[in-house]
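Open the model in your viewer and keep the selection tool at hand. The stops below go one residue or group at a time.

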Amino acid sequence: MKKIDSTLYFITDSTGLDEETFLKKVESALQGGVTLMQIREKNKSTREYIELASKVHELAKKYNVPLIIDDRLDVAMAVDAEGVHLGQSDMPVKTARKLFGDNKIIGATTKTLEQAQEAYEQSADYLGVGAIYPTTTKVKTVITSIDTLDAICKAVHIPVNAIGGLNKENIDVLKGIPISGICVVSAIMKAECPEKAAKELKEKFMSIRI
């Protein structure tokens with residue numbers, strides 16, 4: 001099993017930001033102790049996505065944080081990112097594994113126990129499970145219960161991370177569930193100081209993790 005520290009899994013969102021501001025926020029978050037980072041760009045062309053991902057990757061390498069590309073295996077391969085994250089409508093994990101190789105990280109979004117078991121059997125390295133709360137980053141939010149999250153943690157032998165509307169005020173709901181980390185977007189991207197937000201989130205999660 002690959003050694004993946006997903007304690008604080010930061011997912012970027014460049015919506016409404018110029019590139020300079022976006023990259024400053026990303027670096028600030030890295031300074032705050034992010035342990036794994038995903039770049040998520042739904043509306044950029046392939047070329048734009050590659051260009052931005054290359055810049056984000058340089059920052060990630062500076063802080064020794066693995067970079068995961070959301071959805072796009074081609075972009076992940078183009079920038080030699082450490083990993084790719086696949087949703088339920090994306091390429092199957094087993095297909096991505098054949099193309100990407102055994103040494104790269106492949107994560108999967110799962111909302112049910114069945115989806116989690118399938119991704120695990122197809123050699124996913126970690127799971128993102130949720131949404132735990134409604135989110136502002138996706139229009140359609142399917143809520144995953146805490147009981148389902150707990151069941152998934154006990155059914156697979158890879159890191160499981162909670163995602164969806166999480167912030168330092170509401171992650172107490174995860175106490176007692178053996179997740180490996182939390183995935184956050186808005187709680188860091190929309191913070192006045194991403195570095196401070198990341199530090200506080202990480203400290204809060206460490207205080208409740210089992």
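A polar contact here is a pair of N or O atoms within 3.5 Å, where within protein one must be able to donate a hydrogen and the other to accept it. Keep in mind that this is a predicted model.

**Stop 1: Asp125.** Select Asp125 in the loop between helix H5 (113-121) and strand E6 (126-130). Is Asp125 buried or exposed? Its relative accessible area is 10%, under the 20% cut-off, so Asp125 counts as buried. The side chains of Asp125 and Arg97 are joined by a polar contact of 2.7 Å.

**Stop 2: the core.** The largest nonpolar core has 67 residues. Color Val34, Met37, Ile69, Leu127, Leu174 and Ile182, the residues with the most contacts inside this core. Then color helix H2 (residues 46-62), which gives the most to the core, with six residues. Zoom in on Val34. Leaving out residues up to four places away in sequence, Val34 touches Leu8, Phe10, Ala29, Val65, Ile188 and Ala198.

**Stop 3: a surface patch.** Switch to a surface view. Select Met77, Met91 and Leu99, which make a nonpolar patch of about 260 Å². Met77 sits in helix H3 (residues 73-78). With a relative accessible area of 42%, Met77 is partly exposed.

**Stop 4: charge pairs.** Side chains of opposite charge can pair when their charged atoms come close. The model has 17 salt bridges.

- Lys44 and Glu41: the closest N and O atoms are 3.5 Å apart. Lys44 is partly exposed at 29% relative accessible area, while Glu41 is buried at 10%.
- Arg72 and Asp74: the salt bridge spans 2.8 Å, N to O. Arg72 is partly exposed at 24%, and Asp74 is partly exposed at 37%.
- Asp150 and Lys154: their side chains meet at 2.8 Å, N to O. Where do these two residues lie in helix H6 (residues 146-155)? Asp150 and Lys154 are four residues apart, so about one helical turn separates them. Asp150 is buried at 19%, whereas Lys154 is exposed at 60%.

**Last stop: a network.** Select Arg40, Lys42, Asp70 and Asp71 together. Salt bridges link these four residues in a network.

Notes. Residues are numbered from 1 along each chain as its sequence is written. This is a predicted model: local features need pLDDT of at least 70, side-chain atom pairs count only at pLDDT 80 or more; totals for chains, interfaces and linings use all residues. Side-chain values use heavy atoms; hydrogens and water are left out. Buried means under 20% relative accessible area, exposed over 50%, partly exposed in between (1.4 Å probe, protein chains only). Patches are made of residues with over 30% relative accessible area and no salt bridge: like charges are joined within 9 Å, nonpolar side chains (Val, Leu, Ile, Met, Phe, Trp, Tyr) within 5 Å. Accessible areas come from the Shrake-Rupley method with a 1.4 Å probe; for residues, only the protein chains shown count as cover. A nonpolar core is a set of buried Ala, Val, Leu, Ile, Met, Phe, Trp, Tyr and Cys residues joined through side-chain atoms within 4.5 Å. Contact means heavy atoms within 4.5 Å.
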